[in-house]
Amino acid sequence: MKPRTGTVSRYTAGARANHWLNAIILILLALSGMSFFHPALFFLSGLFGGGVWARILHPWMGVALIFTFAGLFIRFWRYNIWNKSDTQWLNRIRDVLAARDENLPEVGRYNAGQKLVFWLMTIGILALFASGIVLWESQFGDTFSIVQKRIAAVVHASAAVVIIGVWIIHLYAAIWVKGSVRAMTRGSVTGGWAWKHHRKWLREEAAKGHK
Amino acid sequence: MATQQSLDIKRSSATTTPQPSVRESVEVAKLIDVSRCIGCKACQAACLEWNDLREEVGFNTGVYENPHDLSENSWTLMRYSEVEEDDGHLEWLIRKDGCMHCEDPGCLKACPAPGAIVQYSNGIVDFISENCIGCGYCVKGCPFNIPRISKNDRKAYKCTLCSDRVAVGQGPACVKACPTQAISFGTKEDMTEWAGHRIADLKERGYENAGLYDPQGVGGTHVMYVLKHADRPEIYSNLPKDPHISSLVEAWKGWPKPVALAGLGLTALLGFFHYVTAGPNEVDEDDEDKGKRTLEQNGR
């Protein structure tokens, strides 16, 4: 669908569906996983039908996530390659948080923060998947040694904390930077939003329209 | 959820508040005198019988162990090892393996399900199976490789020290069945004292390294061994010399967890306060104009 005048297309319908499917599964994984993380959070297992059901469902949701995240990775990895201006942007994180955009380098499709979210999610999900396989008692209980399982437990819990922290930052950025959410709900952003936050990307997109 | 009303619970898995513990009972212990064991497996049979369990009929691979390992049905197992000493003589060592009922139980520390593993004030560590979610964390927590997960119901099983019998003043089934009184049961104090006599006797007979196995790395155990070679417990089918809860399990289940949770909560809180102090990051008219112009210049 052609975007309305004054707006720029940012995500295709496929990318949006892929993102939200991934988001739903990731949130369900976090909720069921946190129920095993700390006694104070065990009540969350009730959302899945109790502790036993949470234990049964959690790993299968993890398998589903690997596919939905692979979709996101294939779609977005090339836009998330780190470059010099990203380091510059990150060094001026104070200006970012104070919304002093005039002090920041022009940003392409993604800024350094978004790229960090992308790569931390990638590394974190790979670590969770690998360690999750080792912890999956009903499927791989006889495959791995007890020491391997202990290491996997530490890796799994640590990676989960990192991922949830990254997710909080991702969510907050979307709430704080007004006009961002529509990129993932409607697929397009306003020209003004693109000018303010992703000027280099806007110029590239505008130049494409010239063709 | 079924309840196991008891007023003498010392510890309960995945529970951070005090347990009903007004009733305090004396600490008990099972003492296994390896030097008196003849390896008859009466204890194994008694365990299956009292607990009404059946082990699958196995196969002979040329060793005495039968079955080959602990299982969800076999909560105790005679392990046999042949050790050739430096002077050339052969020692045939037999050890009754099973849950050691640690004072500081690794299984209980690792368990994420509230009340699935409890420790009574008498020291017995018990699995409350209806609360078990089948995750297998107890297997990772145990320093002795004892719990087994059933392939059928996915619950964890191990020796209960016959907590049901002990509760009504009976000794464990294995103790009753032992024909040589190699296994005895009583208060931990009495058992330690009794072990002292046995050790003195063994020393008199030339076993100068005879001693009691009550490893302090796990706070002591409520199943203890009298070993002829207490200086080398590992020769008894890999009985660990200095067992303790793995530092990996301590890291996984210890202070880093509440700290991590607090860190996550703080991150969310920081976000909230950033929003209410710095305000939303909004696009203004000027940005919209410039954005529009950029698009128009290029014929969009």
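User: Why are H5(A) and H7(A) called roughly antiparallel to each other?

Analyst: Good place to start! In this predicted model, helix H5 (residues 112–135) and helix H7 (residues 146–176) of chain A pack at an angle of about 150 degrees. Angles over 145 degrees count as roughly antiparallel, so that is the name H5(A) and H7(A) get. Their axes lie 8 Å apart, and H5(A) passes H7(A) in a left-handed crossing.

User: What makes up the contact of H5(A) with H7(A)?

Analyst: The residues of that contact divide into 18 nonpolar, seven polar and one charged.

User: Now to chain B. Why does Leu161(B) count as buried?

Analyst: Count the neighbours. A residue is buried if 20 or more other C-beta atoms lie within 10 Å of its own. Leu161(B) has 29 C-beta neighbours inside 10 Å, so Leu161(B) counts as buried. You will find Leu161(B) in the loop between S8 and helix H4 (163–167) of chain B.

User: And why is Arg154(B) called partly exposed?

Analyst: Try the cut-offs again. Buried takes 20 or more neighbours, exposed takes 12 or fewer, and partly exposed is in between. Arg154(B) has 19 C-beta neighbours inside 10 Å, so Arg154(B) counts as partly exposed. Look for Arg154(B) in the loop between strand S7 (148–149) and strand S8 (156–157) of chain B.

User: What is phi of Arg154(B), and what is phi of Leu161(B)?

Analyst: Phi of Arg154(B) is near 60 degrees, and phi of Leu161(B) is near 55 degrees. Both values are positive, in residues other than glycine. For background, most residues other than glycine have a negative phi.

User: Which peptide bond is cis, and what is its omega?

Analyst: The bond from Asn66(B) to Pro67(B) is cis, with omega near -5 degrees. In general, most peptide bonds are trans. Pro67(B) sits in the loop between helix H1 (42–50) and strand S3 (76–84) of chain B.

User: How is chain B divided into domains?

Analyst: Chain B has domain 1 (9–253) and domain 2 (256–297). The C-alpha centres of these two domains of chain B lie 57 Å apart.

User: How many residues does the contact take from chain B, and how many from chain A?

Analyst: The contact takes 45 residues from chain B and 46 residues from chain A. On the side of chain B that touches chain A, helix H8 (256–278) is one of the helices that each supply at least two residues. H8(B) gives the largest share of that side, ten residues. By type, the residues on the chain B side divide into 21 nonpolar, 15 polar and nine charged.

Technical notes
Residues are numbered from 1 along each chain as its sequence is written. Chains are lettered from A and ligands numbered from 1 in the order in which they are written. This is a predicted model: local features need pLDDT of at least 70, side-chain atom pairs count only at pLDDT 80 or more; totals for chains, interfaces and linings use all residues. Helices (H or I, at least four residues) and strands (E, at least two) are DSSP runs, numbered from the N terminus. Domain bounds come from an automatic or database domain assignment. Axes are lines fitted to C-alpha atoms, for helices over the stretch in contact, and angles run from 0 to 180 degrees between N-to-C directions. Angles under 35 degrees count as roughly parallel, over 145 as roughly antiparallel, 65 to 115 as roughly perpendicular and the rest as oblique. A crossing is left-handed if the near helix is turned anticlockwise from the far one by less than a right angle, and right-handed if clockwise. Ala, Val, Leu, Ile, Met, Phe, Trp, Tyr, Cys and Pro count as nonpolar, Asp, Glu, Lys and Arg as charged, and the others, Gly among them, as polar. Two residues are in contact if their C-beta atoms, placed from the backbone, lie within 7 Å.
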